[in-house]
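Hello,

Here is the structure for your files. My notes follow below it.

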Amino acid sequence: MVRRRGKKLIKYIVINIVVWALAILWVLPFIGITMVSLRPFSEVVVKGWWNIIGQYTLKNYVDAWTDPMYSLETGFRNSLIVTIPSTVIPLFIAALAAYVFSRFSFPLKTMLFITLLIIMAMPQQMSVIPLFFMLNKMGLYDKLQGLILVHSSWGLAWITFFLKNFFDTLPKEIEEAARVDGASDFHIFFRIVLPMSLPAIASVAAIQFTWVWSDFFYALVFLVSPQNYVATLQVATMKGQYHIDWGLLSAGSILTMSVPLILYALLQKYYVKGMVGWTVKG
Amino acid sequence: MGLLARRKRTKIILAFLLPELALILSFVLIPIMGTFVISFKTDHGYGLDNYYGVITERSPDKALVIPENIVKAQPPPWGALIHNIVWVAIHVPIVVFLGLGIAYLLHDVIGSSIVKSIMFLGMVIPMVVGGLLIRFMFDGDLGVVPLLFRKLGIEALSRTWINYPQTALIALILGSVWLWTGFSLTVYAAALESLPKSYIEAAKVDGASGFQIFFKVVFPLLKHATIVVVIMTMLWDLKIFDIVFVSTLGGPGGATNVMALIMYTYFARALDYGRSAATAVILALISLIPGIWFIKRVMRSGS
Amino acid sequence: MTARVYLKNIVKRFGKVVAVDHVNLEVREKEFLVLLGPSGCGKTTTLRIIAGLEFPDEGRVYIDDKDVTDLEPKDRDVAMVFQNYALYPHLTVRDNIAFPLIIRRKQLGLTREEIYKKVLEVAKLLRIEELLDRKPGQLSGGQQQRVALARALIRRPKVWLMDEPLSNLDALLRLQMRAELKRLQREVGITTIYVTHDQAEALSMADRIAVMNKGRIVQVGTPEDIYLRPQHVFVATFIGTPPMNIIRCITDLRNNKLYLHCPGIEREIPPEVAKHLREDMELLLGMRPEFVEVHKEPGPDTIKAKILVVEPQGSELILNLNISPEDREETIVKVKTKATRKYSPGETVYLELDWTKISLFDAKTGKALA
């Protein structure tokens with residue numbers, strides 16, 4: 001009995017050490033760039049960033065934020081201008097469509113639904129060349145509005161899929177009760193279904209926001225002028241081709257990822273549910 | 001159904017569906033079709049020239065399968081398509097077993113929710129930043145990995161990994177493990193949570209050992225989660241772009257080139273839209289392998 | 001006599017399945033009508049057709065002589081209570097109850113204060129006034145049930161529709177709510193159509209019961225009718241605990257008189273019944289377990305039976321008996337009797353049937369013989 005318990009205890013300790021070692025390994029790069037961003041580069045290179053004694057400065061952050069060519073201030077503003085509508089618009093439109101997919105049957109429904117699934121599997125690369133010409137013609141190339149349009153349209157498929165799955169889990173009786181009570185379809189959707197769906201909407205909003213904020217490819221293709229660059233483009237440009245200013249780059253990286261990270265800290269539950277949920281039915 | 005009610009229902013369906021259909025048609029479906037069309041366009045009408053060109057291209061920055069400086073049994077470049085396949089072949093199994101293993105062990109770990117949150121960070125940060133962090137991790141001066149090998153006395157692995165064709169690709173793949181394991185862990189953790197304890201208890205009563213319970217009971221019961229992880233990881237690997245772009249731009253000497261990057265190179269550098277579209281189509285068709293698998297599963301569980 | 005709700009030849013198909021098969025039903029003013037039947041018999045679909053949540057493929061629905069077949073639920077002036085109560089989780093109890101009025105606020109010309117005053121009245125009637133500020137998630141099953149009733153009540157609709165409203169409650173609460181619901185319906189006087197698969201619920205609450213099976217209405221009648229005079233062998237076996245004993249018999253012509261010939265039973269058939277019958281017909285004899293007396297000694301008109309199993313049920317006993325004269329064959333009959341004396345398996349007893357309460361069914365059609 002005692003031996004059994006001893007063996008169990010050893011196993012327990014080993015598991016804890018192994019898993020926590022991995023967790024520390026995982027978080028190490030974050031600690032690393034934080035240190036590099038806060039210390040003069042010369043010191044970091046000579047002594048290593050893990051050496052915590054030395055000078056600390058916010059200079060890198062100030063530089064990254066105010067760089068005359070690639071200022072992250074502009075990048076942040078542009079990112080927010082793109083990200084907020086690109087979250088709200090598709091969320092609203094897809095919620096309407098998802099409700100129809102979940103509750104009504106209509107001709108071509110299965111075909112349309114499969115189309116959405118195919119779009120979800122399509123790489124972004126499959127769309128950019130014609131979109132490049134289309135946006136050019138519409139005068140939206142190198143414009144934030146163009147990027148909003150593209151993000152909104154490409155977000156629709158997965159949001160529709162996700163919300164349809166969620167609506168499927170809502171008991172139909174509640175809507176039927178509302179119908180018998182005298183509510184119209186619009187009323188049922190906006191006053192009953194949407195309020196009941198707030199957790200799912202929070203998940204979708206958090207993830208779509210993160211994805212749009214984090215997008216690099218569309219921004220790279222559809223934006224050319226540095227004053228229109230979004231944050232991810234700015235950071236990538238800071239890197240430079242031959243010389244790497246790790247201090248500036250670290251500060252820029254931390255700033256750029258801070259927005260989704262803060263959102264994650266606030267909405268962690270919804271993130272996890274969303275990331276798991278959009279891939280799994282139900 | 002009554003005629004009136006039916007007419008009203010049709011109106012609702014149309015009103016709710018139209019905005020979505022309009023946007024998807026204009027900015028998703030038509031561009032996808034357009035890419036197909038452009039990929040077949042040649043100087044003299046339509047044909048397969050672009051596909052032929054893309055596949056037989058040998059210059060290291062655009063080669064798909066046969067880069068000119070390829071030497072048998074030598075380090076990369078092997079061609080972008082091969083790099084993508086190697087990526088999937090290494091990344092998928094590691095992510096599956098690491099994610100599942102940690103999720104399974106987490107039950108006995110103190111502060112397991114903190115571990116989960118840390119691992120999930122890779123899912124939250126922009127991939128561009130992820131790429132920069134990978135570069136940082138493998139940097140000869142600052143990175144943890146080269147430092148570790150220096151301490152172990154292995155000189156070949158104590159330099160900046162992404163500067164050498166022998167180590168660049170594997171550095172990026174390991175970096176993508178770091179970014180993506182959180183997804184696998186989260187899916188498995190959720191699946192394990194919803195797994196009725198009675199299965200494991202029954203196996204214990206039946207006399208199964210810890211390993212037997214894991215491989216004979218738990219792993220088969222998590223089949224659905226595993227399929228989800230495999231499909232999503234494959235799709236993610238095939239589309240990989242940002243982290244390569246910011247860390248190596250496909251270099252050195254094409255050693256880390258991937259499909260999506262070649263598509264971009266044709267598009268933005270060579271201004272060869274036909275070949276760029278052809279590359280995109282090839283990438284899309286390959287993505288449809290896990291894609292169709294995914295669609296089939298969704299449709300089956302839906303009916 | 002005015003029919004509040006009238007279903008005329010209703011047919012509803014789901015794909016190839018006929019869920020409701022030519023149903024005709026009249027529900028009277030202020031009546032409490034129960035649709036009773038096993039799951040899948042079409043009772044819920046019938047209710048949903050009355051509500052307007054489903055539309056029939058054939059037939060018409062009338063409420064107060066008005067054809068409402070093509071009307072949306074909101075235009076029918078009905079209220080419905082769902083099995084899972086279907087309370088709006090994001091609204092307080094007060095707003096849940098007020099919902100049907102708030103929706104129609106402009107039509108009705110009511111202010112919010114007036115509506116809330118009505119909510120309070122209804123809440124008092126159902127004794128939930130102290131729950132008004134809570135959300136449905138904070139309520140017990142019984143409380144949710146009352147809120148759902150209040151919501152259905154506030155509008156004073158023409159018809160109340162209830163779809164197994166008590167089935168999610170635990171046993172004791174279910175008994176209480178049965179009585180309360182019945183009292184409420186009496187008090188308010190709203191025509192009610194109530195769906196259940198629980199025969200005890202139906203027998204204790206209904207003014208009339210419509211028994212459904214396989215999409216058809218098998219019998220409509222008062223609980224007494226349904227219990228004592230089943231029109232179909234299905235009704236006989238669906239109702240009662242334990243249900244009616246059914247024994248397979250044959251008619252036999254002897255001396256110009258028709259005899260009923262069953263295992264262990266021989267009896268002349270009364271002439272008024274016999275005139276509908278022929279020789280060598282297969283009949284089913286039905287007897288309720290409670291209309292049989294058990295004797296120790298044989299009497300003039302008794303049936304010999306051997307006790308197989310004794311099931312104690314509190315103050316009563318259920319005896320499983322074999323009435324077949326041959327030991328090898330088994331014709332099992334259940335009999336309910338007071339537990340005033342001891343019975344043991346293997347014992348031989350003598351049964352006396354109350355022949356006035358016997359039912360006879362045609363074995364082919366299952367229909368009762370007059």
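**Notes on the model**

The model is predicted, so local features need pLDDT of at least 70 and side-chain atom pairs count only at pLDDT 80 or more, while totals for chains, interfaces and linings use all residues; side-chain values use heavy atoms, with hydrogens and water left out. Residues are numbered from 1 along each chain as its sequence is written, and chains are lettered from A and ligands numbered from 1 in the order in which they are written.

Lys8(A) sits in helix α1 of chain A (helices are DSSP runs of H or I, at least four residues; strands are runs of E, at least two). A surface patch of positive charge is formed by Arg4(A), Lys7(A), Lys8(A), Lys11(A) and Lys204(B). Patch members have over 30% relative accessible area and no salt bridge, with like charges joined within 9 Å; a salt bridge is a side-chain nitrogen of Lys or Arg within 4 Å of a carboxyl oxygen of Asp or Glu. Helix α1 (residues 2–38) of chain A gives the most to this patch, four residues.

Chain C has ten helices and 20 strands. Its C-alpha trace spans about 80 × 45 × 35 Å along the principal axes. Of the 370 residues in chain C, 52% are buried (under 20% relative accessible area). Among chain C contacts (heavy atoms within 4.5 Å) between residues at least 6 apart in sequence, 64% join residues at least 24 apart.

Regards

Terms used: Patches are made of residues with over 30% relative accessible area and no salt bridge: like charges are joined within 9 Å, nonpolar side chains (Val, Leu, Ile, Met, Phe, Trp, Tyr) within 5 Å. Accessible areas come from the Shrake-Rupley method with a 1.4 Å probe; for residues, only the protein chains shown count as cover. Lys and Arg count as positive and Asp and Glu as negative; His and the chain ends are not counted. The place of a charge is taken as NZ of Lys, CZ of Arg, CG of Asp or CD of Glu. Buried means under 20% relative accessible area, exposed over 50%, partly exposed in between (1.4 Å probe, protein chains only).
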